[in-house]
Amino acid sequence: MSDDRVSASVAVNPVAVLKNYGQSVWLDYIRRTLITSGELTRLVVEDGLGGVTSNPAIFEKAIDGSNDYASAIDQISKQDPGLDAKNVYERLAVKDIQDAADVLRPVYDRTGSRDGYVSLEVSPHLANDTDGTVAEARQLWKTVGRPNVMIKVPATPAGVPAIRTLIREGINVNVTLLFARDAYEAVAGAYIEGLAARAAAGQPVDHVASVASFFVSRIDTAVDTLLEPKLSVPGDKARVERLLGKVAIANAKLAYQSYKKIFSGRPWEQLRDKGAQTQRVLWASTGTKNPHYRDVLYVEELIGPDTVNTVPPDTLTAFRDHGRPRPSLEEGVTDAMQVLEDLEKIGISLKKITDDLLADGVKKFVEPFTKLLKAVERRSREANRARINAQSYVLPPALHAEVSERLKGWDAEGGTRRLFAGDASLWTNADEANWIGWLRIAEQQLDDLQPLLDVQNEARAGRFRNVLLLGMGGSSLCPEVWKETFGRVGDSPELFVLDSTDPAQVRAIEKKIDLASTLFIVSSKSGSTLEPNIFKAYFFERVKNTIGADEAPRRFIAITDAGSSLEKEARAGGFRHVFAGVTSIGGRYSALSNFGMVPAAVMGLDVETLLDEAARMLTACAPGVPADENPGLVLGTILGVAATRGMDKLTLIASPGIHDLGAWLEQLIAESTGKAGNGIIPVDRETPGPPAAYGNDRVFAYLRLEDAPDARQDAAVAALEAAGRPVVTIRVATRHDLAEEFVRWEIATAIAGAVLGINPFNQPDVEASKIATKSLTSEYEKTGKLPPEAPFFEGDGVKLFADAENQDALRNAAGSKPSLTSYLNAHLSRLKEGDYFAVLGYVEMNAEHEQALQLVRQRVRDAKRVATCLGFGPRFLHSTGQAYKGGPNTGVFLQITSDDAQDLPVPGQTYTFGIVKAAQARGDFQVLAERRRRALRVHLGPDVRAGLRAIGAAIEQALA
């Protein structure tokens with residue numbers, strides 16, 4: 001084939017082009033709906049998919065986290081109620097394998113038995129039992145009864161003789177868990193010996209097939225972990241950098257050279273002449289785990305003849321989107337040899353790494369298999385329903401009908417498949433495909449848990465009493481959920497979160513911690529966000545003065561995207577750790593990435609269980625699940641359709657034990673949907689009222705903690721349902737199931753964005769406030785003061801500010817005797833049906849201030865029957881601020897600022913924390929005015945408590 005023709009094909013589908021280079025692509029994923037939905041057939045037709053591999057972890061999530069297998073389990077339980085879990089699983093798995101094999105049978109026939117295989121593994125518990133492996137493989141081969149099935153056998157010392165026996169008997173084998181070249185060579189030898197014995201017995205060898213699954217990315221993960229500490233060793237940095245991300249590919253390239261040598265020469269030619277086919281090398285573990293590396297690295301660099309690459313769904317999608325095929329496998333073989341030689345010279349043994357990976361690999365298959373059997377046991381003996389947080393809804397008839405029709409449309413249009421594929425046409429045909437990394441992050445984290453476990457053990461062993469996270473928005477809200485939900489966990493350090501520039505709040509946080517025994521996590525995706533950087537400057541200086549300049553950097557951890565200014569500063573400054581973000585995950589979708597999981601680990605949470613629950617929900621929402629059974633899709637459709645019908649105030653009611661989830665949801669929903677004049681306004685922590693207290697613009701989401709519900713909330717929600725209000729109820733089983741909700745709501749938000757026709761991954765109006773703030777702080781740095789401003793009213797202990805348009809409207813309505821009460825009455829009188837009222841408090845966020853402002857919003861809600869919101873600045877700027885400025889112009893805003901009783905300096909800057917907060921408040925108000933929002937700013941003196949009492953009294957009088 002000419003280069004021109006290859007280039008033309010690449011433009012069509014890079015996955016399909018791989019066959020032009022002699023490589024077959026298999027999918028490392030199987031579940032029943034993949035087959036029944038027609039998705040597997042589509043992949044075969046469009047991508048040229050040549051096979052499927054399965055593993056216990058995939059089956060476990062599908063069986064326990066979805067209803068794919070509910071009817072089949074019911075049927076088996078009725079037919080054979082005494083069947084144990086392992087046999088029930090085998091019946092379920094065998095049916096899937098048979099059906100998938102039937103879909104792939106035309107590929108098998110067309111390629112002369114070279115391709116078209118489906119793999120099913122023997123029990124991982126038999127990894128060290130040769131006879132048990134052989135017996136179970138024989139039984140599975142016979143039960144499946146398809147020529148295009150492969151039985152997966154691990155390349156353990158006990159597995160090698162089993163492989164030889166099975167090949168001799170004509171059973172196809174997929175050899176798994178190959179990491180080392182010598183192990184591969186032993187496996188290839190066993191395959192040839194099995195074929196030779198079969199031929200010697202006069203039996204045919206032309207339809208016996210095998211692949212040798214050589215694991216790739218796990219090697220780089222293990223090697224890089226050992227290399228990174230050497231980056232700081234004088235003289236080693238350049239050599240280490242040349243090895244990062246190179247060892248796995250080098251190892252694989254040399255294994256391929258072994259393949260070429262083994263399957264050549266006279267002994268093999270004699271078998272080849274009898275029709276034998278080579279045991280192809282199959283590249284496994286080819287999903288990229290390190291966000292510094294290209295997401296299709298382990299596909300692009302291992303393309304060559306007579307090979308297979310089995311890829312997870314996200315890698316398949318990524319390569320289809322931006323893969324660059326080329327015949328890469330035999331490029332730089334000499335360089336590959338040098339890489340492995342240099343690795344040994346630097347003191348790292350590849351043999352030890354591959355030995356450890358084999359032992360760990362067996363364990364990684366045994367643990368999911370044990371969970372799988374428990375899941376089957378539960379569904380067979382206890383409750384045959386998906387073990388995910390249950391979701392139900394009650395909708396008015398017209399809304400229910402439209403939602404039902406939309407769900408039917410999702411099935412017809414392949415909506416979930418398009419979401420998981422990052423199909424930008426689902427939204428606005430902009431850059432949406434670049435921002436869907438969150439869909440697979442839970443599985444990626446589970447595949448490489450060790451860094452999280454290591455930092456968790458380190459925090460405990462270091463006897464740290466506290467950990468303080470310094471961040472904003474998506475970097476701080478998930479950790480805050482962990483803190484508020486779980487408190488202090490055992491003997492791990494207690495987590496605190498700082499996300500405010502209010503000097504009183506900074507000081508209050510500092511009083512809660514012991515600087516000498518605190519770990520600090522500086523968390524910033526971009527690395528350039530103002531607030532985390534000044535938090536870092538302040539606390540680094542305080543820690544340096546407390547424990548000394550040499551030790552201070554070891555008390556700091558950074559979480560940031562690769563290549564950011566924070567990463568460079570942290571590495572150069574000797575921070576204890578630097579954890580990478582994922583470029584394709586936006587801040588508000590980053591809960592299950594390192595931004596959420598590193599703080600969870602350090603505070604002592606069971607991160608594996610949390611991620612496992614998240615992955616379970618992901619399975620329940622995956623492509624192939626019917627739309628009306630897909631919890632994320634159903635929720636998103638309800639929210640999106642309701643918003644288009646004027647029900648755009650999503651009122652969150654959460655059980656006290658999980659109350660802070662609402663703060664995370666506020667950012668996710670407001671920042672994702674509130675733009676271009678559209679959006680959903682989240683209403684969090686508004687005291688539940690009777691149905692009559694609400695307008696017709698509401699949809700309610702009740703997050704009920706099943707093991708600690710609130711009776712008053714139950715009664716309020718029951719009354720709303722009885723009154724015909726739209727209510728979605730999500731039953732969170734325990735606090736430890738909370739991670740499921742991150743996945744459900746992220747998917748729901750993306751789907752709601754599709755319904756609304758907006759891009760749910762950008763935040764075009766957040767930057768406007770940052771620019772306005774920067775302009776003000778720059779002015780302060782030049783002149784030593786902020787630009788002057790004049791109140792349009794001063795009295796009753798406050799000053800009032802507004803732009804000219806709002807001033808005119810308020811003066812005209814306030815009458816001839818202006819006062820705080822008259823102006824607040826004029827401002828609140830602007831509220832009309834379908835509007836919402838938002839209090840934006842640039843004061844310390846504490847219980848007393850929150851109670852005072854909650855009372856204000858409740859009075860307004862009850863008097864005006866409008867939705868009410870409360871946010872503390874500047875944190876809401878990184879949350880609901882996007883919707884307030886870019887969403888529907890239905891908000892009436894009351895901004896509250898104050899003089900600071902005591903300010904705090906920012907080390908290395910002329911401005912202070914108080915100046916930054918003032919600039920942020922003024923910048924925020926400026927942009928609200930530019931967007932022609934109805935906004936009034938009330939400025940208090942240094943006695944915030946007295947000022948809030950005055951506002952409360954004035955509002956009570958204004959509403960009387």
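In what order do the five strands of the open sheet lie, and with what pairing? In this predicted model, the order of the sheet is 9-18-17-15-16, and the pairing within the sheet is mixed. Strand 9 (390–394) and strand 16 (681–684) form the edges, each of them pairing on one side only. On average, and with direction ignored, neighbouring strands of this sheet are turned by 20 degrees against each other.

Within the sheet, strand 17 (residues 698–705) and strand 18 (residues 727–732) run parallel and are joined by six bridges; Ala701 has Val728 of strand 18 as its bridge partner. Two helices that pack on this sheet can be described in turn. Helix 30 (residues 661–673) touches strand 15 (649–654), strand 16 and strand 17, and its direction makes about 170 degrees with that of strand 16. Helix 32 (residues 739–756), which also packs on the sheet, touches strand 9, strand 15, strand 17 and strand 18, and the direction of helix 32 makes about 150 degrees with that of strand 18.

Strand 12 (residues 518–523) is mostly covered, with six of its six residues buried. Thr518, Phe520 and Val522 point one way from the strand, whereas Leu519, Ile521 and Ser523 point the other way, and all of these residues are buried. Strand 12 pairs in the parallel sense with strand 10 (residues 466–470) over five bridges, and in this pairing Leu468 stands opposite Phe520. Strand 12 also pairs in the parallel sense with strand 13 (residues 556–560), here over four bridges, and Ile521 stands opposite Ile557 of strand 13. Together with helix 25 (residues 530–547), strand 12 and strand 13 make a β-α-β unit that is right-handed.

In soluble globular proteins, nonpolar side chains tend to be buried together. The largest nonpolar core of the model has 133 residues, and those with the most contacts inside this core are Tyr89, Tyr184, Leu195, Leu227 and Trp283. Helix 7 (residues 85–110) provides the largest share of this core, namely twelve residues. For Leu227, when residues up to four places away in sequence are not counted, the residues touched are Val240, Leu243, Leu244, Leu343, Ile346 and Ile348. Another core, lying apart from the largest one, has 99 residues, and among them are Leu426, Trp482, Val598 and Val641.

Conventions
Residues are numbered from 1 along each chain as its sequence is written. This is a predicted model: local features need pLDDT of at least 70, side-chain atom pairs count only at pLDDT 80 or more; totals for chains, interfaces and linings use all residues. Side-chain values use heavy atoms; hydrogens and water are left out. Two strands pair if DSSP finds at least two bridges between them. Axes are lines fitted to C-alpha atoms, for helices over the stretch in contact, and angles run from 0 to 180 degrees between N-to-C directions. Contact means heavy atoms within 4.5 Å. A nonpolar core is a set of buried Ala, Val, Leu, Ile, Met, Phe, Trp, Tyr and Cys residues joined through side-chain atoms within 4.5 Å. Buried means under 20% relative accessible area, exposed over 50%, partly exposed in between (1.4 Å probe, protein chains only). A crossover is right-handed if, with the strands pointing away from the viewer, the path from the first strand over the helix to the second runs clockwise.
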